[in-house]
Amino acid sequence: MQTVDRHLLTIIAESLLEHRLIDDVKRLGARGYSIAQVRGEGATGWTIESWEGQSVRLDTVVTDAVADAILDHLSAHYFEHYAVVAWITPVRVARPERY
Amino acid sequence: MQTVDRHLLTIIAESLLEHRLIDDVKRLGARGYSIAQVRGEGATGWTIESWEGQSVRLDTVVTDAVADAILDHLSAHYFEHYAVVAWITPVRVARPERY
Amino acid sequence: MQTVDRHLLTIIAESLLEHRLIDDVKRLGARGYSIAQVRGEGATGWTIESWEGQSVRLDTVVTDAVADAILDHLSAHYFEHYAVVAWITPVRVARPERY
Amino acid sequence: MLASAVVDNLLSAPVVAFIVAATFTLLGADVRLPEGLYGILSSYLLLAIGIKGGRGLGEATIDELWAPLLAAGALGVATPLIAYVLLRRAGRLDRVNGAGVAAHYGSVSAVTYTVVIGLLESRGEGYEAFLTGLLAILEVIGIVVALSIARSSAGASYGEAILEVIRGRSISMLLAGLAIGLVVGSERLASVDPLFVGLFQGVLTLFLLEMGVLAAQRLRNAGTFGLRIIALAVVIPLVNGLLGAAAGAAAGLSTGGVTVLATLAASASYIAAPAAVRIALPAADPGLSITAALGVTFPFNIIIGVSVYAAYAEWLT
Amino acid sequence: MLASAVVDNLLSAPVVAFIVAATFTLLGADVRLPEGLYGILSSYLLLAIGIKGGRGLGEATIDELWAPLLAAGALGVATPLIAYVLLRRAGRLDRVNGAGVAAHYGSVSAVTYTVVIGLLESRGEGYEAFLTGLLAILEVIGIVVALSIARSSAGASYGEAILEVIRGRSISMLLAGLAIGLVVGSERLASVDPLFVGLFQGVLTLFLLEMGVLAAQRLRNAGTFGLRIIALAVVIPLVNGLLGAAAGAAAGLSTGGVTVLATLAASASYIAAPAAVRIALPAADPGLSITAALGVTFPFNIIIGVSVYAAYAEWLT
Amino acid sequence: MLASAVVDNLLSAPVVAFIVAATFTLLGADVRLPEGLYGILSSYLLLAIGIKGGRGLGEATIDELWAPLLAAGALGVATPLIAYVLLRRAGRLDRVNGAGVAAHYGSVSAVTYTVVIGLLESRGEGYEAFLTGLLAILEVIGIVVALSIARSSAGASYGEAILEVIRGRSISMLLAGLAIGLVVGSERLASVDPLFVGLFQGVLTLFLLEMGVLAAQRLRNAGTFGLRIIALAVVIPLVNGLLGAAAGAAAGLSTGGVTVLATLAASASYIAAPAAVRIALPAADPGLSITAALGVTFPFNIIIGVSVYAAYAEWLT
Ligand SMILES: Nc1ncnc2c1ncn2[C@@H]1O[C@H](COP(=O)(O)O)[C@@H](O)[C@H]1O
Ligand SMILES: Nc1ncnc2c1ncn2[C@@H]1O[C@H](COP(=O)(O)O)[C@@H](O)[C@H]1O
Ligand SMILES: Nc1ncnc2c1ncn2[C@@H]1O[C@H](COP(=O)(O)O)[C@@H](O)[C@H]1O
Ligand code: NA
Ligand code: NA
Ligand code: NA
């Protein structure tokens with residue numbers, strides 16, 4: 001099967017940010033995303049698996065440029081004050097026109 | 001630790017397809033898989049996070065050939081009419097005989 | 001955005017092991033992790049999606065050395081008797097000091 | 001009579017909950033129940049309905065059963081065909097989408113059924129308790145008939161789709177409830193009545209709160225599908241309901257029983273049918289059916305329809 | 001009087017469940033309810049409280065309502081300001097953290113409200129049923145006022161935070177319940193009473209079991225924030241509770257009603273406020289507020305506080 | 001007497017639900033409750049059983065307690081040893097698997113306990129309410145004893161496994177319930193009775209529906225483990241049940257109490273034991289124990305066993 005290279009951007013964030021992150025990634029060029037419930041620990045002293053809601057994991061397969069734009073946006077708006085973590089994985093997809 | 005290269009195939013699909021996808025990947029050579037509940041948006045106008053059930057995310061670590069065979073199968077049988085998305089990530093595993 | 005290379009170690013294990021795995025990865029150098037609920041099938045005859053609890057998926061972004069140390073540990077302590085699967089993916093992250 | 005039935009129904013807790021939730025949702029407020037509760041409530045309702053029906057079935061004789069059974073069978077065939085013809089002619093849908101939507105109208109909605117039962121009980125009107133058994137039958141036949149229309153295009157997945165319906169949770173839970181009600185019997189069921197009878201209206205209220213949110217979300221999209229489809233989503237139930245009332249009267253049911261059968265015929269499935277159609281007719285647009293069945297027909301039926309069907313029944317018996 | 005109220009409250013099933021769960025958790029035993037149940041129970045409680053309030057509101061006249069409404073408005077402004085001043089002066093918090101924590105104390109806790117209602121009912125003491133309506137109002141105003149203090153630093157997200165509170169599940173569920181209760185009315189609600197009335201104390205007990213676990217987990221961290229904050233988490237409710245009692249008495253409420261209003265003023269939000277503060281004041285430490293509101297104030301209020309506020313009310317009416 | 005007990009039990013709603021669910025599952029129909037409900041129902045049952053036991057304990061005197069306690073202790077030691085010997089000799093299991101399975105038979109099943117209680121109550125037969133306390137004790141001892149057999153091979157994780165059992169949700173919930181029941185007392189518990197007493201049989205019915213699915217899934221695998229193991233999964237409970245009846249009679253319990261103790265001795269754990277064995281004896285095959293305990297012994301006990309143990313009790317008292 002013919003595949004092309006894309007980037008998978010994975011974001012873990014406190015669930016409060018879910019709607020904002022969805023808006024952000026769509027505005028910055030993502031054509032789709034998937035969200036799952038997760039819990040975890042990180043640098044934030046206060047576990048973000050708060051008693052109220054869990055964290056969300058957002059995965060979106062995008063082009064190199066979009067991945068970078070979203071990462072820049074996260075860094076500018078969320079990294080300082082919110083419990084947010086993100087990483088980029090190289091992936092291959094069929095149907096390049098979709099991502 | 002000695003590791004070998006394999007491929008991680010990730011499929012996101014409407015939950016209705018869960019049983020069929022499991023049968024497919026097993027038949028095409030996957031020796032294991034993991035499934036998680038997700039929700040999301042994509043090209044399908046109608047959000048597949050239907051009011052009835054969410055989407056499923058199926059991850060399976062397989063050989064290059066198996067990954068390609070499954071992707072071909074998805075393309076032939078599901079890509080047109082169903083809300084299905086898939087990508088392949090290069091991974092390293094211990095215990096090569098298991099995948 | 002400036003990024004550096006790290007490794008994403010993904011572990012799928014019967015949920016009984018959750019607390020032990022968390023202790024292990026933290027002790028071996030992981031600075032954070034995320035856990036999600038999954039179900040699946042693998043080499044273990046007895047589906048680990050037992051009627052009691054599901055399996056857990058633990059993702060942790062770490063340095064090369066830490067990824068190897070954790071994989072060694074898994075191999076020494078869990079691979080034989082427990083339903084545990086693990087793989088390593090190359091990823092890029094911002095904020096290298098966090099992982 | 002009609003007016004008083006409308007008011008009785010409109011002011012019942014479940015229907016008010018539905019309307020409140022839909023209104024809140026349209027205003028942007030979040031009244032969704034937590035994830036996971038939807039499945040729990042719907043399983044409970046199906047089981048409870050089944051148990052109630054099983055109890056009733058245990059007290060029915062074969063003599064009472066055959067005519068209503070025949071009527072249900074006929075309705076299972078006629079209602080999807082009527083829907084199909086209307087959807088193709090008046091709705092201008094193509095064959096696959098016509099059959100897909102028709103399957104929803106051929107099948108039934110268990111929740112609409114519970115709303116009409118609630119209305120009857122609040123008015124102290126009796127009905128044949130064994131009718132729940134017909135619910136399960138009607139749920140299947142209508143889907144089978146509608147899918148058969150587009151069968152040639154469906155191929156191998158046709159059988160799979162039917163199996164999916166029969167073995168799926170929706171019908172299985174109902175049948176499990178029927179079996180439990182039938183075997184355990186009224187007297188021994190007393191110990192579980194606080195759960196399955198006492199809480200029923202309350203759980204239905206919670207469930208309709210959630211349905212209000214979902215219906216409002218669907219209703220928002222309704223625009224995309226055009227006025228024709230929306231109009232048909234009201235016309236089809238009114239036609240099928242009348243047919244159901246006639247069939248019920250012909251089968252000799254009581255006024256309450258006729259109301260129930262009419263409501264079943266008029267109701268549209270949004271649980272069993274979508275899954276089956278998705279499998280058998282993947283090319284059909286699922287948004288179309290769900291918007292019609294859940295966004296328009298369901299609210300119409302539980303808010304106004306059931307009172308109309310009660311009036312049909314009044315008139316025909 | 002105070003002693004007997006303390007005992008009545010202390011030995012009630014919900015409070016005992018809270019204490020047992022907290023104790024077990026501190027001893028390392030796992031009594032957490034399964035994931036997902038927390039959300040279900042809290043949605044149920046908010047709806048049930050709302051329905052009850054809506055029922056009461058339906059029987060109240062405008063004449064009875066305006067004075068308590070005014071009192072609630074005044075408390076909504078005064079309690080977060082008092083909290084802010086105490087937290088900055090005595091607690092030595094900076095402006096952002098002071099405002100963040102103050103928003104929690106300006107808002108209210110619906111569960112604390114249900115505990116005081118339970119105490120009143122077990123003692124056969126009446127109260128104005130429409131007070132539930134004030135719950136929703138107080139929940140919002142206090143947050144708005146507190147966030148306004150730090151507004152300049154908050155920027156664009158201020159409005160977003162307020163919207164988040166108003167449209168969020170916590171207030172929406174309460175308002176949906178109020179609407180349902182009001183429209184359906186006492187008589188027709190009888191069919192859903194087994195769920196929303198009959199099970200109320202039992203569900204509250206389950207919920208407080210879970211809260212006991214969460215509070216104990218928070219309490220463990222309390223050390224990190226220093227004794228000053230812990231002490232303030234007891235002092236602020238005692239002060240705000242007195243103010244609430246005075247406002248209630250001035251508004252002409254019954255002894256029971258004064259107890260309720262005092263408890264509302266004294267209680268600290270741990271659902272609506274955290275989300276709002278997180279959005280409007282991201283630089284505020286969420287651990288600080290939650291530990292104070294959930295780890296200290298909440299247990300203090302439901303175990304001892306409510307009895308103190310009952311004594312305030314006794315004394316002022 | 002035995003026949004009538006069998007019928008009374010067989011036709012009770014929970015047992016019928018179990019059989020219906022198992023049958024449906026074997027026929028390929030889906031009657032699984034939605035994910036998440038299993039944990040909710042089991043937490044509820046454990047808490048409700050605990051509260052009931054705590055109530056009973058509050059009314060018991062030390063004089064009544066010591067003999068049954070001694071009997072329970074003795075059974076906790078004897079039943080896993082008997083199981084171990086049978087499994088090694090007749091079942092030809094190796095040491096690790098023998099000990100692993102024996103731990104399941106040494107421990108107890110809270111659901112089997114509730115079924116026998118239901119049977120006694122439906123027959124109007126009294127029993128010592130404090131026996132629930134023994135449930136928690138028996139649950140632990142049997143596992144400890146069985147694991148000790150294979151201790152040398154277990155190493156460091158032995159202690160960890162025991163801790164896991166004691167702190168785990170299963171025992172903690174039961175103990176939390178006991179504490180709540182004991183402290184709150186019968187009179188004040190009345191407000192939560194609609195939840196914890198009224199709904200009990202209904203929730204148990206739902207739970208057994210789910211258990212029927214799980215047991216049927218296990219039963220399907222039973223073939224792989226050979227007839228010897230299946231036979232032992234019936235013989236061990238019959239032997240241990242007789243021992244339990246004898247111990248209960250010796251301890252001076254009533255006929256009902258003896259029935260309960262016999263059932264506890266006969267029952268096999270499928271919640272606490274699997275987790276503990278998995279930790280302490282990772283080399284043991286978990287499929288073996290679960291298939292025996294859940295796929296064979298559990299259905300045998302709730303369908304037939306409890307009536308046999310009632311007959312034992314009748315005969316020995
Ligand atoms: N190294 C990591 N690998 C995977 N997930 C992480 C990592 N660090 C943090 N997380 C996740 O991101 C959330 C926020 O992290 P933090 O901002 O570091 O508190 C945590 O609760 C984890 O779920
Ligand atoms: N670019 C993407 N990245 C990640 N997940 C996606 C992406 N596009 C679609 N999805 C997921 O796949 C599902 C089906 O997508 P689609 O077929 O595009 O409607 C969506 O609901 C998302 O959960
Ligand atoms: N090849 C695979 N790809 C993805 N997940 C797997 C794979 N094999 C096993 N798993 C997951 O790991 C769990 C344990 O696997 P196993 O130890 O092979 O029984 C399974 O239940 C699956 O959830
Ligand atoms: Na119909
Ligand atoms: Na307050
Ligand atoms: Na036993």
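Mentor: Let's look at the surroundings of ligand 2.
This is a predicted model, where local features need pLDDT of at least 70 and side-chain atom pairs count only at pLDDT 80 or more, while totals for chains, interfaces and linings use all residues. Residues are numbered from 1 along each chain as its sequence is written, chains are lettered from A and ligands numbered from 1 in the order in which they are written, and side-chain values use heavy atoms, with hydrogens and water left out.

Start with the neighbours: 19 residues surround ligand 2, counting a residue if one of its heavy atoms lies within 4 Å. The closest are A:Ser34, A:Val61 and A:Arg98, along with B:Ala43 and B:Thr44. Chains A and B both supply residues around ligand 2, so the site is shared between chains.

Which pieces of those chains do this? Strand 2 (33-41) and strand 3 (55-62) of chain A, plus strand 2 (33-41) and strand 4 (84-93) of chain B, each give at least two residues to the shell; strands here are DSSP runs (E, at least two residues), numbered from the N terminus.

Now zoom in on polar contacts, meaning pairs of N or O atoms within 3.5 Å. The backbone of A:Val61 puts an N or O atom 2.9 Å from a nitrogen of ligand 2. For A:Tyr33, a backbone N or O atom sits 3.3 Å from a ligand 2 oxygen, and a polar backbone atom of A:Gly32 is 3.5 Å from a ligand 2 nitrogen. On its own, ligand 2 has 480 Å² of accessible area, and the protein covers 98% of it (Shrake-Rupley method, 1.4 Å probe).

By class, the shell holds 10 nonpolar, 6 polar and 3 charged residues, with Tyr counted as nonpolar, Arg as charged and Gly as polar.

Terms used:
A polar contact is a pair of N or O atoms within 3.5 Å; within protein, one must be able to donate a hydrogen and the other to accept it, and residues adjacent in sequence count only if both atoms are side-chain atoms. Helices (H or I, at least four residues) and strands (E, at least two) are DSSP runs, numbered from the N terminus.
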